[in-house]
Amino acid sequence: MPSMTSGTLAGTGSFRCAKCGYVLTLAASDTLPACPSCGGSNFDRASLFGARFRHDGAVVESEAEREALLAEAHEMIAEPGEYLVFEDRGETQVARLTGEWTRIGRSLAADVRLDDPTISRRHALIVRGPDGLRVMDDRSLNGVFVNGERVEWRTLEADDEIVVGRYRLHFLEATAVEENAQAGAGAGA
């Protein structure tokens, strides 16, 4: 059916690449091209409403992939602190949270810049407070999810998963004990 692979029906012109999660938005009678990000041709409908923003159908991450990502991140972390870890274009990214606040979004002014059309320019903030770090939705269109639940704000705990657009951001707290244990393991080899 042509209307299912084109943007001809009102509100139905957004498609997500099943391979990499890239979102295409079509206008009028445009038809789906190959994915500009990965070249794939398998697309699912994307919606601005509903469960897709729990990140269930976007970039699927198995438990083994998650563990591999976090293990690689721990190797990259050189000092104690709080970090966001995520995958971008097949590479592990580690962002240290050092300031009073950290901006997450598509804007060039964002501290953690995520290039994805489902992410607002000012999507989320991570704010340091007396009770620790708190993630806050910065009036984004598609929302912020922590451990699968849409939130306006939430105090972060170690190993929380924050979902914005197609990105899964993992909150890590690296302690001096972990750093010393890694250094000791490396010295004994």
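Reader: Let's start with a single side chain. Is Arg89 buried or exposed?
Author: Arg89 is exposed, at a relative accessible area of 60%. The cut-offs are under 20% for buried and over 50% for exposed, with partly exposed in between (1.4 Å probe, protein chains only). Keep in mind that this is a predicted model, where local features need pLDDT of at least 70, side-chain atom pairs count only at pLDDT 80 or more, and totals for chains, interfaces and linings use all residues. Residues are numbered from 1 along each chain as its sequence is written, and side-chain values use heavy atoms, with hydrogens and water left out.

Reader: What does the secondary structure of the protein chain come to?
Author: Two helices and 14 strands. These are DSSP runs numbered from the N terminus: helices are H or I with at least four residues, strands are E with at least two. Of the chain's 189 residues, 40% count as buried.

Reader: How do I read a helix? Which residues of H1 are buried?
Author: An α-helix has 3.6 residues a turn, so residues three or four places apart point the same way. In H1 the buried ones are Arg66, Leu69, Leu70 and Ala73. Down the axis of H1 they fall within an arc of 95° and so line one face of the helix; the arc is taken from the directions from the helix axis to the C-beta atoms. Exposed Ala64 and Glu75 sit on the face turned away from that buried side.

Reader: And what covers the buried residues of H1?
Author: The cover includes strands E4 (81-88), E5 (91-96) and E14 (167-174). Contact here means heavy atoms within 4.5 Å.

Reader: How many salt bridges are there by the rule?
Author: Twelve. The rule asks for a side-chain nitrogen of Lys or Arg within 4 Å of a carboxyl oxygen of Asp or Glu. One of them joins Arg128 and Glu82 at 2.8 Å, N to O. That pair links distant parts of the chain, with Arg128 in strand E8 (residues 124-129) and Glu82 in strand E4, 46 residues apart. Arg128 is partly exposed, at 26% relative accessible area.

Reader: Where does Arg89 come in? Which residue does its side chain meet in a salt bridge?
Author: Asp88, at 4.0 Å, N to O. Asp88 is buried, with a relative accessible area of 17%. Another bridge runs between Glu161 and Arg168, with the closest N and O atoms 2.8 Å apart, and both of those residues are buried. Through shared partners, salt bridges also join Asp88, Arg89 and Asp115 into one network.

Reader: How should I read aromatic rings?
Author: A pair of aromatic rings is described by the distance of the centres and the angle of the planes. Rings of Phe, Tyr and Trp (its six-membered ring) pair if their centres lie within 6.5 Å; planes under 30 degrees apart are stacked, over 60 edge-to-face, the rest tilted. This structure holds one such pair. Phe86 and Tyr167 have ring centres 6.1 Å apart and planes at 85°, so the pair is edge-to-face. Phe86 lies in strand E4 and Tyr167 in strand E14, so the pair ties together parts 81 residues apart in sequence. Phe86 and Tyr167 are buried.
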